[in-house]
Amino acid sequence: ITSLGTLLFYPLLVSKVGILRSYQLMCLVLVVTGIIFPFNSDLAKVSPQPLIWFSVAIGVLLRTCCGEICYTNQYVITANSVPSELNGAMNGLASTLGSVGWSLGYVVVVFLFLYRLVFFIYSFLQKVLLLVVFCLAGV
């Protein structure tokens, strides 16, 4: 669905606002959805179930479509910024750096997730230990 949405939406967007402006717009949408999307879980407390699924679907669709458009625009801007005889080398360099960036991003996210998970487990065990101490002290 994301590829189909991007194929239909990307040419219209670029023809209306241009490559650079569409890149800036999609980066802005990515930042805004990145800030708002984690709060979807709070909707479960106040909203009916269909609204939660709808907001999650819209959030995922926006993030993936905007991500694909940003990625495409990066390659187009890179290809247009160098002379044609260096285009292959620049695309190879851009692809390499992009892959390294994606790889490092996942490594950093996994590290932060594991750090948070270990901190949560440590905090939980500390609370359980305190509860056991208080229960034994009251006996």
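**Exercise 1.** Is Phe 124 buried, exposed or partly exposed, and what is its relative accessible area?

*Solution.* Start with the cut-offs: buried is under 20% relative accessible area, exposed is over 50%, and partly exposed is in between (1.4 Å probe, protein chains only). Phe 124 comes in at 47%, so partly exposed is the label.

A word on the ground rules: this is a predicted model, where local features need pLDDT of at least 70, side-chain atom pairs count only at pLDDT 80 or more, and totals for chains, interfaces and linings use all residues. Residues are numbered from 1 along each chain as its sequence is written, and side-chain values use heavy atoms, leaving out hydrogens and water.

**Exercise 2.** Find the aromatic pairs and classify them.

*Solution.* Rings of Phe, Tyr and Trp (its six-membered ring) pair if their centres lie within 6.5 Å; planes under 30 degrees apart are stacked, over 60 edge-to-face, the rest tilted. Searching the whole structure turns up 2 pairs.

- Tyr 71 and Tyr 75 sit 5.2 Å centre to centre with 80 degrees between the planes, which is edge-to-face. Both belong to helix α4, 4 residues apart, about one turn of the helix. Tyr 71 is partly exposed at 33% relative accessibility, and Tyr 75 is too, at 24%.
- Phe 120 and Phe 124 have ring centres 6.5 Å apart and planes at 20 degrees, so this pair is stacked. Their helix is α5 (residues 87-138), and again they are 4 residues apart, about one turn.

Helices here are DSSP runs (H or I, at least four residues), numbered from the N terminus.

Terms used: Helices (H or I, at least four residues) and strands (E, at least two) are DSSP runs, numbered from the N terminus.
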